[in-house]
Amino acid sequence: MRARFAGGVHPDPRKAATEKLPIVELPPPALAVIPLQQHLGPKSRALVKAGDAVLVGQKIGEAEGFVAAHVHASVAGKVREVSLQPHPSGTAVEAVVIENDGTDTLARCEVHSWETSTPEALREMVREAGIVGLGGATFPTHVKLSPPKGKPIDALVVNGAECEPYLTADHRLMVERAAQVVGGARILARILGVRRIVVGVEANKPDAVAALRLAGGQGIEVESLPVMYPQGAEKQLVKALLGREVPPPPGLPMDVGVVVQNVGTCAAVYDAVCGGRPLIDRVVTVAGGGVSRPGNFRVRIGTPLRQLVEACGGLSPATVRLVMGGPMMGLPQASLDAPVIKGTSGLLALTRDEVPARRAGNCIRCGRCVRACPMGLLPATLALYAQHQLYERAEALEAMACIECGSCAYLCPAAIPLVQHIRLAKSRIAAARHQRREKEAAKAAASA
Ligand code: SF4
Ligand code: SF4
């Protein structure tokens, strides 16, 4: 066991319903709705139009800029339209809608030997495959594999913590596809030029630890970590595995010589390089008391969330909340109309037993939120500043360092929606910073 990080909470893991269930391949959807925005960065530009024929794996969205990702067709068929469609974020987003012709015809793909390919060529393969962080952050992977010259990297940390309750998609992936996870990690290490690969897995997944140790042999360190939320957050994982402190924002793991990648991302990198397969599907956990047959599914990107729920026996009328992702950091869904995207790690249908109704009260200054915060922040004070629109004060108290993990709100006896308040403060601070930068740029341009 390694060191633990400061703060954190112990939510009920609720993983028993799915952690032993093998991944099941979900049939491709009859109509795939593939958003052109599935990553951090600007949305991709559509490369197809209504009436075009497309093949599985064909690029249909071109990344606009470096911090962006390509988008590929997950089914073969005819493009019905390129139009605004429901998106898990809650806003309508431009998407390519493809009528599946049922042939599953693959686009021509190239398979490579990663041992003989150059790091530059491998990085380009990752970019071409449209791979993003599959832990949920959806940061374009090739960007993380391009550290600036002044930041030497000496370790790759692979994130197999999966600390969110209910989710077991990464767990099953590590057990069932350990060789691909390890293979992808080796490819990433080659791109980065590092020899040290450390995989962190929470101790409640001993079968995943065993499978990775077997697949990795001597060359890879697989560490069993204390079960503690948010163990899978980058800063906390780096601290727990390597004892290194990532500096406060805008500090990144690469400031202490580390790049962090999720186990799902590693497997996707392996599939892209060694199988010529771009990112067209992913593993999703469907769970919660609102579905009678929960499970883990390999799902094509663009599959309607409704189809996942139908595969689990339909939605119980007792469902009171739908969440894409885990219950701590996931995105609430108003309906099942949105599709699975690259960042969909789970779909939860939660009942009243699982989400007790609580009315927000007044802060009783118990300090639990402060003790729970893994970033050493003052959540109650930040929330208060946000409520009174004192955003500059919130900024001075490092509101931007909040990773929105929800630990503070989880423990708050007054049920104060601390994260929502802090999130609002962060968005206002970001907008103010943007305005300041624009003003400075205009001033500089005027005096030039
Ligand atoms: S949501 Fe933010 S303030 Fe609350 S515990 Fe997590 S990091 Fe701290
Ligand atoms: S946990 Fe809730 S009640 Fe306690 S200090 Fe924090 S905000 Fe106040």
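R14 comes out as partly exposed in this predicted model, at 37% relative accessibility (buried means under 20% relative accessible area, exposed over 50%, and partly exposed in between, with a 1.4 Å probe and protein chains only). The residue lies in the segment before strand 1 (23-25); helices (H or I, at least four residues) and strands (E, at least two) are DSSP runs numbered from the N terminus. R14 also has a positive phi, near 50°, despite being a residue other than glycine. Since the model is predicted, local features need pLDDT of at least 70 and side-chain atom pairs count only at pLDDT 80 or more, while totals for chains, interfaces and linings use all residues. Residues are numbered from 1 along each chain as its sequence is written, chains are lettered from A and ligands numbered from 1 in the order in which they are written, and side-chain values use heavy atoms, with hydrogens and water left out.

T138 is another non-glycine with a positive phi, of about 55°. T138 sits in the loop between helix 1 and helix 2 and counts as buried, because its relative accessibility is 10%. G133 belongs to the loop between helix 1 and helix 2 (141-144) too, and its 13% relative accessibility makes it buried. Leaving aside neighbours within four places in sequence, G133 is in contact with T138, F139, T141 and T265, where contact means heavy atoms within 4.5 Å. G133 and V79 are 54 residues apart along the chain, and their C-alpha atoms are separated by 27 Å.

Next comes the nonpolar interior. A nonpolar core here is a set of buried Ala, Val, Leu, Ile, Met, Phe, Trp, Tyr and Cys residues joined through side-chain atoms within 4.5 Å. The largest such core has 47 residues, and I131, L156, V158, V201 and L212 are those with the most contacts inside it. Two or more residues each come from helix 1 (119-128), strand 9 (155-160), helix 3 (169-176), helix 4 (178-192), strand 10 (196-202), helix 5 (206-216) and helix 7 (263-275). Helix 4 gives the most, with nine residues. In soluble globular proteins, nonpolar side chains tend to be buried together. Beyond its neighbours within four places in sequence, L212 is in contact with M174, A178, V181, V182, V199, V201 and V222. There is also a second, separate core of 16 residues, with L26, V284, F297 and L305 among them.

I197, in strand 10, is buried, with a relative accessible area of 5%. Not counting residues up to four places away in sequence, I197 touches L156, V158, A185, R186, A189, I220 and E221. S345 is in the loop between strand 16 (331-333) and strand 17 (346-351). At 11% relative accessibility, S345 is buried as well, and its contacts outside four places in sequence are L167, A169, R282, V283, V284, T285 and G325.

Helix 6 (residues 234-242) has Q236, L237, V238, A240, L241 and L242 as its buried residues. Their cover includes strand 9, strand 10, strand 11 (221-225) and strand 12 (258-262). Just after the helix, G243 takes a positive phi of about 70°. Cis peptide bonds turn up in the loops on either side. One joins Y229 and P230, with omega about 0°, and P230 is in the loop between strand 11 and helix 6. Another runs from P249 to P250, with omega near 10°, and P250 is in the loop between helix 6 and strand 12.

That leaves the ligands. Ligand 1 is surrounded by C373, P374, M375, P379, C402, I403, E404, C405, G406, S407, C408 and I422, each with a heavy atom within 4 Å of it. By class, this shell has nine nonpolar, two polar and one charged residues; Ala, Val, Leu, Ile, Met, Phe, Trp, Tyr, Cys and Pro count as nonpolar, Asp, Glu, Lys and Arg as charged, and the others, Gly among them, as polar. Around ligand 2 are C363, I364, R365, C366, G367, C369, A380, C412, P413, I416 and L418. The shell of ligand 2 has nine nonpolar, one polar and one charged residues.
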